[in-house]
Protein chains: 2
Amino acid sequence: MTSPVSRRRFLTAAGTTAATVWIPKDVRGYGKAEVLARVTDTKAGAGVSKWELDTPALCVDLDKLEQNIATLRTALTGSKVASRPHAKTHKCPAIAKLQLGAGSIGICAAKVSEAEVFSAEGVRKILMTTSNVTRSKIQRAMRILKENREFIQAVDYPDNARDLSDAARAAGLTADVVVDVAVGTRSGVPPGDQAVALAQLIDKLPNLRFRGILGYDGGAQHIKGFKNRYEQSLQHLEPVVQTFEKLKASGLNVEIFSGGGTGTYNIVTKVPGFTDVQVGSYVFMDCQYLEIGSEHNESLFTDFAPSLTVMTTVLNTYFPGRLTADAGTKALTLNKPDPIVIGEPGFAYTAGSDEFGSIRYETASKQYKVGDKLELIVPHCDPVVNEYDVLHGTRQDRVEVVWPISARGKSQ
Amino acid sequence: MTSPVSRRRFLTAAGTTAATVWIPKDVRGYGKAEVLARVTDTKAGAGVSKWELDTPALCVDLDKLEQNIATLRTALTGSKVASRPHAKTHKCPAIAKLQLGAGSIGICAAKVSEAEVFSAEGVRKILMTTSNVTRSKIQRAMRILKENREFIQAVDYPDNARDLSDAARAAGLTADVVVDVAVGTRSGVPPGDQAVALAQLIDKLPNLRFRGILGYDGGAQHIKGFKNRYEQSLQHLEPVVQTFEKLKASGLNVEIFSGGGTGTYNIVTKVPGFTDVQVGSYVFMDCQYLEIGSEHNESLFTDFAPSLTVMTTVLNTYFPGRLTADAGTKALTLNKPDPIVIGEPGFAYTAGSDEFGSIRYETASKQYKVGDKLELIVPHCDPVVNEYDVLHGTRQDRVEVVWPISARGKSQ
């Protein structure tokens, strides 16, 4: 566990790099008028200081966001691995467009309802990493495919492959699919013969096109210590690599071998045949990732800057050593470790109450009064983003853009 | 900790009572056309079986919901305590209207953004239990008050009382306020002299009207065992009762003495002067409340029926003793205890992964296959409701109405 002090030092140092300039201006998201037309419930327009926003408010520092996207691109340059960022993290078409504008080869979606949103917003290169197993969701997938032929979906059962092929035939389409090969026991077909047989079945089915495989090691992303993470990830992926090699040997066209994440973005480059990494959290960072340690800093993951924060307001100061703020579970989730209060290493913030945050402290940088604002790094970025309708993009603390989180709540 | 078996027995028995008939039909929520006009992203209309809904889907059994509302009314009949249900639980104007139609004297809101939604939907008797401490939120409160003179808000600081009075004067209004008296250290002014002085200040300020006090004991609601809960709640409230009596003795008009919740609805009736209970979870129930025990059943809280469930779909059956389903943290939150799978007492369901639920089991009622549906009782109803845009109201498993969760995400 990193001490709050060392974390704080990092937070002060991070994000001081000048904004990179390579992001095309035309994908910087919606303009103010477009945002106001789409978002009826945001009270704060562009130009407002983030310290004046009604709270709880979700903010992203645009300089840091752009820096993170640039850092990833630089890190992968020269490797054979591209990035296919997972949009389940941000659920925000504007950020997907930033990522694609910076060279990502597509995005991932976890659910068909997310894929619907991104496809409707003009994001075409979507790889859905979960299978669609019911008749209704297969129909939803076909409706996406009809409008967007670059939609690819995961399959992990022979019956599901047949159902998809039948649905595609009925719709007059050919569906691109990848086989999800299990790493662990959560999703996917077990590696080896079963996975190879499934790929061969897909290759023969009339309305499916086999594109490759997924091998996502969810359990590896947060292993603490780079060496541990490095060794365990490569070991966990070994059966998937063997499957990949069997598929190639059998003559199948395995053009996609996708997996990995923010914790292993600089590890999967060592996996033979690997094509692209499904990084999600790298754009935002969070307390969970800060703790895992990086290649050159065993105690703190400093590769990416924490760009995502929640602004909160102090509501109560009556009780010694305690403060109450207005961001609780519904604003921060119950994930651990607890939120970090930027600039207050002596604060222990818990979001265990639905509507309130409780702070305990022995030392504070100042005497707090009711109405004061605090800025928090969130425990785990993905489910926090899912609590908000809009994300305030700030530069030097001023709101530059308000992005709708268009796929918020799309858990289907 | 209750065993899954005894829980299951309860779940089978609950909700078999015939639907009560006293709920006025005209407050049963939006009609189908109105819902479809308002809710663009629900794929399932009325009449569909809940077992055919795309998942994850949030459902409420309308018979049980009505039964819970009737149970509370019956329980409070003959006491001097009314109900003022907390709408932070359901965030759903249609349910607020059911509660008001069944005799509740108003609703509570936790945040000004919630109060805005309910007021705009025609719910007038709103008591906001949190104070509005910033200039911007005070303005939002004044805008509500301008349209809805039955809006009451909490105050716990003298400066805040002065700010509110000034804002009300500027708006040409008189604002009704209650003093939030602290039980514990989370919110409110400490009981005793400080609270009395604040009430007297409010009484003198030109544009405020003092209406009474709040004394909410959040920590008492989930104390296990009725006797423990009974004794501790009354003990925690003792300083608030003394404050109430001082206020009365000083000649102030203390017409509201509000607090309590689902865990203490039949305890606060013993508190001298108490006027109304802020029950929230009683309409839905959840795994947390099932565990607290009731007056006549030490191990299981059987007073209200679990009406709220999440439907989920099995995605993976490859691995022995395990299933993967499609409801994870974003559909169920990380609250404990874990979700209960109805009809499968041998299942241990964890929602620790953002997108997936992981089930471990030794015994199952049948051989599960991909695409099968499961129904879950949620860990803690309030934050789960906040993850969904719509609530499917079902009767005998058929969707009768789809209610927008209009205040979802209103954490400001």
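Modeller: Helices (H or I, at least four residues) and strands (E, at least two) are DSSP runs, numbered from the N terminus. By that rule, Ser83(A) is found in strand β2 (residues 82-83) of chain A. The model is predicted: local features need pLDDT of at least 70, side-chain atom pairs count only at pLDDT 80 or more, and totals for chains, interfaces and linings use all residues. Residues are numbered from 1 along each chain as its sequence is written, while chains are lettered from A and ligands numbered from 1 in the order in which they are written.

Colleague: How many helices and strands does chain A have?

Modeller: Chain A has twelve helices and 17 strands.

Colleague: Is Ser83(A) buried or exposed?

Modeller: A residue is buried if 20 or more other C-beta atoms lie within 10 Å of its own, exposed if 12 or fewer, and partly exposed in between, with C-beta atoms placed from the backbone. Ser83(A) counts as buried because it has 25 C-beta neighbours inside 10 Å. Across chain A, buried residues make up 55% of the 412 residues.

Colleague: Which residues is Ser83(A) in contact with, leaving aside its neighbours within four places in sequence?

Modeller: Two residues are in contact if their C-beta atoms, placed from the backbone, lie within 7 Å. With those neighbours left aside, Ser83(A) is in contact with Leu72(A), Leu76(A), Ser104(A), Asp276(A), Val277(A) and Val279(A). Thr275(A) is 192 residues away along the chain, and its C-alpha atom is separated from that of Ser83(A) by 8.4 Å. For chain A, residues 24 or more positions apart account for 69% of the contacts with a separation of 6 or more.

Colleague: In what order do the strands of the open sheet in chain B come?

Modeller: Strands of a sheet pair through backbone hydrogen bonds, either parallel or antiparallel. Here two strands pair if DSSP finds at least two bridges between them. The open sheet in chain B has eight strands in the order β2-β9-β8-β7-β6-β5-β4-β3, with parallel pairing. β2 (82-83) and β3 (107-109) of chain B stand at the edges with a single partner strand each, so one side of each is left without a neighbour in the sheet. β2(B) pairs with strand β9 (residues 276-277) of chain B over two bridges, and Ser83(B) stands opposite Val277(B) in β9(B).

Colleague: Which strand pair in chain B runs antiparallel?

Modeller: Strand β16 (residues 390-395) of chain B runs antiparallel to β17(B), joined by six bridges. His392(B) has Val402(B) as its bridge partner in β17(B). The two strands form a hairpin with two residues between them, and Gln396(B) in the turn has a positive phi of about 45 degrees. In β17 (residues 398-404) of chain B, five of the seven residues are buried.

Colleague: Where is Met285(A) found?

Modeller: Met285(A) is found in the loop between β9 (276-277) and α10 (287-290) of chain A. Met285(A) has a positive phi of about 65 degrees although it is not a glycine. Met285(A) is buried, with 25 other C-beta atoms within 10 Å. Gln396(A), by contrast, is exposed, with 11 other C-beta atoms within 10 Å.
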